[in-house]
Amino acid sequence: MPLAAAGVTVVLWASAFVSIRSAGTAYSPGALALGRLLAGALTLGLVCLVRREGLPPRAAWRGIAISGLLWFGVYMVVLNWGEQEVDAGTAAMVVNIGPILIALLGARLLGETLPPRLLAGMAVSFAGAVAVGLSMSGEGHASVLGVLLCLLAAVAYAGGVVAQKPALARASALQVTTFGCLIGAAGCLPFAGQLVHEAGSAPLSATLNMVYLGVFPTALAFTTWAYALARTTAGRMGATTYAVPALVVLMAWLALDEIPGALTLGGGALCLAGVAVARSRPRRSTVVARDDGGTAAGSAAEANTEAGRPSA
């Protein structure tokens with residue numbers, strides 16, 4: 001189930017890039033972020049009411065507040081802004097520093113291990129992301145401001161994930177996502193005037209794409225992400241998102257008729273290969289019978305520790 005939830009997340013996050021292209025032509029970065037978060041918060045709030053989730057425990061609020069401000073708020077605004085200042089390829093390369101930062105922050109702040117398979121897989125996936133980014137850059141432009149904004153987005157994304165992890169030990173995935181989304185929306189309220197003004201002149205397709213971003217890549221995908229994150233390490237979940245560039249290439253090919261080149265396809269394949277390596281588990285030690293009737297076996301707890309996941 002956690003792996004399936006992670007799969008839902010990366011597919012929906014990949015689809016968001018296609019929708020942002022449409023909505024971003026009619027809505028400014030702050031207005032688009034606020035509209036997306038309002039649609040997501042409304043959807044999540046209705047689900048919470050039906051399920052009678054209630055408020056999260058007090059101990060979870062710190063992580064929810066930090067992740068809400070950083071990931072739901074700062075990340076969405078500065079990423080939308082950054083993609084207006086740099087080409088898509090540069091944005092993809094800079095933002096994909098995020099999973100590396102997640103692994104490093106998880107090791108420093110959460111005490112997670114960094115097994116060799118995780119590091120090797122992330123290195124392969126990052127190389128693939130760079131290849132995809134280079135192939136997408138073309139004759140695009142890149143400003144210093146845009147690069148800094150994308151770097152800030154990567155830092156906010158990593159900080160939000162690491163802050164969210166402890167909160168998930170005390171509250172449900174739905175609670176953490178719902179109230180994080182509400183906090184992010186509250187932080188974006190200064191853009192409310194822009195949203196109202198731009199909604200009056202935006203084409204229906206752009207507005208529908210904004211609503212889609214709120215309901216599916218935000219409400220649903222962030223909830224499935226939180227569900228999976230609660231059951232694995234932040235580092236391994238961060239590495240899973242390297243599948244997004246490969247899926248974006250495929251979706252752009254199918255939905256936008258953008259035929260990828262050889263470098264793009266090769267980079268996407270590297271991204272997927274790296275995710276497979278990062279999420280693979282080392283073989284457990286084989287039980288060997290001793291001459292004295294006893295057995296020699298590798299400790300399951302040690303195997304779990306080496307793989308970077310908690311032992312049962």
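Is cysteine 150 buried or exposed? The model is a predicted one, and in it cysteine 150 has a relative accessibility of 0% and therefore counts as buried. The points below take up cysteines, a surface patch, a pocket and a salt bridge.

**Cysteines**

- A search of the whole structure for disulfides returns zero.
- A disulfide is a covalent bond that joins the sulfur atoms of two cysteines.
- For cysteine 188, the closest cysteine sulfur belongs to cysteine 181, and the separation of 9.5 Å is too far for a bond, because a disulfide requires the two sulfur atoms to lie within 2.5 Å.
- Cysteine 188 has a relative accessible area of 2%, so this residue is buried.

**Nonpolar surface patch**

- A nonpolar patch on the surface is formed by Val144, Leu148, Leu151 and Val155. Together these residues have about 360 Å² of accessible area.
- Leucine 151, one of the patch residues, lies in helix α7, which covers residues 144–167.
- The relative accessible area of leucine 151 is 35%, and this residue is therefore partly exposed.

**Second largest pocket**

- The volume of the second largest pocket is about 270 Å³.
- Its lining consists of 18 residues, of which Val47, Arg51, Ala173, Leu174 and Thr223 are the closest to the centre of the pocket.
- At least two lining residues come from each of the helices α2 (29–51), α8 (173–187) and α10 (204–229).
- The most is given by α10, which supplies six residues to the lining.
- Threonine 223, one of the residues closest to the pocket centre, is located in helix α10. Its relative accessibility is 16%, so threonine 223 counts as buried.
- In sequence, threonine 223 and glutamine 175 are 48 residues apart, while in space their C-alpha atoms are 8.8 Å apart.

**Salt bridge**

- The count of salt bridges in the model comes to one.
- Arginine 51 and glutamate 53 form a salt bridge, with 3.4 Å between their closest N and O atoms.
- Arginine 51 has a relative accessibility of 56% and so counts as exposed. Arg51 is also among the residues closest to the centre of the second largest pocket.

Conventions: Residues are numbered from 1 along each chain as its sequence is written. This is a predicted model: local features need pLDDT of at least 70, side-chain atom pairs count only at pLDDT 80 or more; totals for chains, interfaces and linings use all residues. Side-chain values use heavy atoms; hydrogens and water are left out. Patches are made of residues with over 30% relative accessible area and no salt bridge: like charges are joined within 9 Å, nonpolar side chains (Val, Leu, Ile, Met, Phe, Trp, Tyr) within 5 Å. Accessible areas come from the Shrake-Rupley method with a 1.4 Å probe; for residues, only the protein chains shown count as cover. A salt bridge is a side-chain nitrogen of Lys or Arg within 4 Å of a carboxyl oxygen of Asp or Glu. Helices (H or I, at least four residues) and strands (E, at least two) are DSSP runs, numbered from the N terminus. Buried means under 20% relative accessible area, exposed over 50%, partly exposed in between (1.4 Å probe, protein chains only). On a 1 Å grid over the protein atoms alone, a cavity is a set of points where a 1.4 Å probe fits but cannot get out, and a pocket is an open set with protein on both sides within 12 Å along at least five of seven lines; lining residues have an atom within 4 Å of a point. Grid points are joined across faces, edges and corners, and a volume is the space filled by probe spheres set on the points.
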